[in-house]
Amino acid sequence: MLDLAKLWSALLDFAESPIGHSTGWIIVITVALIISVALLTLWERKVIGWMQLRRGPNRVRIFGLLPGVGQPFADVVKLLLKEVVIPTNSNRFLFRVAPMIALVPAFAAWAVIPLSPEVTVSRADAGLLYLLSLTSMGVYGVIIAGWAANSKYAFLGAMRSAAQMVAYEIAMGFALVGVLMATGSMNLGTIVRTQAGGLLSWNWFWLFPLLVVYFISGVAETNRAPFDVAEGESEIVAGFHVEYSGIAFALFFLAEYANMILISALTATFFFGGWQGPLEGYPGLGATFLGQPSFLWFGLKVFVLVFLFLWFRATFPRYRYDQIMRLGWKALIPVTLVWIGVEMLLELYRIGPWARPWFH
């Protein structure tokens, strides 16, 4: 009993320490993300079903209740029980590692995202650089998966997906340069705080072209429709993951859906004030919950942005590959460069965000 009391006391001391506090939030965020991804697969099928005038999943229940809600968990059990077939002439080590390389950055990026005024795992001052380096890692998982399978179909699909991701990564990077110019910080918490003041003080108003470029690039980065050439079955079977099965195949899609939530969270943080309330600073309503910063506002913004991913999939046809590359290189990147030049003029004449006291 004495040993148990000492152990419990040590655990409490660890939980109250900065490291223990961060570890606790890491566990909470990871579990919440995994559950959110599972429910997002159901939500996507339901939303597309509603848009196409059909029901979507409506059979598998949980304890006999809520028809269809058990479908994501049934899918997980099925994928766990299926055999993972590894091609005979593949690089077996890299074949196994590739799904993890694709998945880990999608979860690790949440370390610097401020969920509320009080909750951030890491308040790193170079959070923006950390995010850029992590999001660039996803392409390695794609390339390694296609090469390690020792299949021409998988390799060609990997090259095509990698070229697309690199093209749109550049546009995303330039869009974030505009955010850095408007906020003067690479700390994501500071970026959110500089957008205080209500709906028109958020970056979307002054950086609208960069918002459009960033979100379109985020859709392309996650290989979602209409940029889902990785899954263009009629063109190249199933792209870089054609040789994967079972839970190894599921990890790629876990990474895809986790990245959807991540891109939505980053868009909300950079352009829509993160956890800031829309009516902050407004007389009367600003003192109510509509103007108070809260995780609920952050969650609502992420919810709406994730819905746009699903809406796009149900609406747009898949683009040809040459159209995708033309959009990335000849449209989005020039737009970001032009708007960065516009920002330089706005900064010179102290217009918009650059007129605020904190900028001086």
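A pocket here is an open set of points on a 1 Å grid over the protein atoms alone, with protein on both sides within 12 Å along at least five of seven lines; a cavity is a set where a 1.4 Å probe fits but cannot get out, and lining residues have an atom within 4 Å of a point. Points are joined across faces, edges and corners, and a volume is the space filled by probe spheres set on them.

This is a predicted model, where local features need pLDDT of at least 70, side-chain atom pairs count only at pLDDT 80 or more, and totals for chains, interfaces and linings use all residues. Numbering runs from 1 along each chain as its sequence is written, and side-chain values use heavy atoms, with hydrogens and water left out.

**Exercise 1. Describe the largest pocket: its volume, its centre and its lining.**

Step 1: start with the space, about 930 Å³. Step 2: find the centre; 32 residues line this pocket, and T41, L79, F253, L254 and Y257 are the closest to the middle. Step 3: pick out the elements giving two or more residues, namely α2 (18-51), α3 (71-81) and α12 (246-271). Helices are DSSP runs of H or I, at least four residues long, numbered from the N terminus. Step 4: sort the lining by class, which gives 18 nonpolar, three polar and eleven charged residues. Nonpolar means Ala, Val, Leu, Ile, Met, Phe, Trp, Tyr, Cys and Pro; charged means Asp, Glu, Lys and Arg; the others, Gly among them, are polar.

**Exercise 2. Which element gives the most to the lining of the second largest pocket?**

Step 1: this pocket holds about 490 Å³. Step 2: of its 19 lining residues, S36, W110, I261, F295 and V302 sit nearest the centre. Step 3: α2 and α13 (295-315) each give two or more residues, and α2 comes out on top with eight. Step 4: the class count is 16 nonpolar, three polar and no charged residues.

**Exercise 3. How many cavities of 30 Å³ or more does the whole structure have, and what lines them?**

Step 1: the search turns up two. Step 3: the second largest cavity has about 60 Å³. Its lining includes L131, E169, Y214 and I263, with α5, α7 and α12 each supplying at least two residues.
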